[in-house]
Amino acid sequence: MAAGEELTLSGHIQHHLTNAKMCTVDGSVAFNKACSEAGFWTWHVDTLAWSIGLGLLFLWVFRSAATKATTGVPGKFQCFIEMVVELVATNVKDTYHGKSKLIAPLALTIFVWVFLMNLMDLIPVDFLPAFAGFVGEQALGMDSHDVYMKIVPTTDINLTAALAIGVFILMIGYSIRIKGVLGFIKELTLHPFSSKNVPLQIILIPANLLLETIALVAKPFSLALRLFGNLYAGEMIFILIGAVGLAQLPLHFVWAVFHILVIVLQAFVFMMLTIVYLSMASSDNH
């Protein structure tokens, strides 16, 4: 019995940690378990759907606030949106020391979008996956156990890595834009070890290139893993709470109250590190 319960708990956890997948196998569209051998080109359709949907929700809410904004005493909704915008604008002004019209909108998008994706973690862990299983069973004739639905996009390393790669591309772009191609190459090869002796400086180039490349790549790498790790750990606890059955709602509430801090903090940290990294890329420190 104990072994059976352990197997059931393991299966419950594994089911909640599995993304809904779509791929092509032998030229035809396949889903979930059939995608186990599909390799790199496998789409996590739940991550894509929820992240894109929440991104559109962000755009709609803020556009709605902008079109309905008044010059008089603002309503509660407008006041809240203005507080968020002011928070982001203040941090951009204090942290980013270059000149760019992109940074503030980018920072606002990152903060609100990542926050909304993190916020999905507060929905009871069995609710939407169970609903998806019911729809799959009733409408498509599928076994509900073969229907997967991960509703927190930031618990998918593919999503956090994609965000980090986007920031990395901007870092390279800003470095080349501000310093030029030659200046960017010099930054990678002539620091941190430098010498006025030309032959010695040439000898130091491989060491400089190695260290600067590691430092450069570590920035987006840390961005992706920090966000993923914190949200994945929180989701795992919610899944374990969900395994206790009817008692999950009180426990879910207690953990959710604490987890709200993690949700907000991780969105803020991702935004701030993005601003800091782009500020470093835009300044000539050497």
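**View 1. Proline 192 lies in the loop between H6 (157–189) and helix H7 (198–242)**. Helices are DSSP runs (H or I) of at least four residues and strands are DSSP runs (E) of at least two, numbered from the N terminus. The peptide bond that joins histidine 191 and proline 192 is cis, with omega of about 5°. Most peptide bonds are trans. The model shown in these views is predicted: local features need pLDDT of at least 70 and side-chain atom pairs count only at pLDDT 80 or more, while totals for chains, interfaces and linings use all residues. Residues are numbered from 1 along each chain as its sequence is written, and side-chain values use heavy atoms, with hydrogens and water left out.

**View 2. Helix H4 (residues 103–119) packs with helix H6 (residues 157–189)**. The angle is about 170° and the axes are 13 Å apart; axes are lines fitted to C-alpha atoms, for helices over the stretch in contact, and angles run from 0 to 180 degrees between N-to-C directions. H4 is therefore roughly antiparallel to H6 (over 145 degrees; under 35 is roughly parallel, 65 to 115 roughly perpendicular and the rest oblique). From H4, Ile103, Leu106, Trp113, Val114 and Met117 meet Leu159, Leu163, Leu170 and Tyr174 of H6, where contact means heavy atoms within 4.5 Å. The contact comprises nine nonpolar residues, no polar and no charged ones (nonpolar: Ala, Val, Leu, Ile, Met, Phe, Trp, Tyr, Cys and Pro; charged: Asp, Glu, Lys and Arg; polar: the others, Gly among them).

**View 3. Alanine 107 is placed in helix H4**. Alanine 107 is buried, with a relative accessible area of 3% (buried is under 20%, exposed over 50%, partly exposed in between, with a 1.4 Å probe and protein chains only). Leaving aside neighbours within four places in sequence, alanine 107 is in contact with Val88, Val92, Met271 and Ile275. Alanine 107 and phenylalanine 270 are 163 residues apart in sequence, yet 9.1 Å apart in space, C-alpha to C-alpha.

**View 4. Glutamate 235 is found in helix H7**. Glutamate 235 is buried but has no salt bridge (a side-chain nitrogen of Lys or Arg within 4 Å of a carboxyl oxygen of Asp or Glu). The nearest side chain of opposite charge, lysine 150, is 7.0 Å away; Lys and Arg count as positive and Asp and Glu as negative, with His and the chain ends not counted. Apart from neighbours within four places in sequence, glutamate 235 is in contact with Asp121, Val125, Val152 and Thr155.
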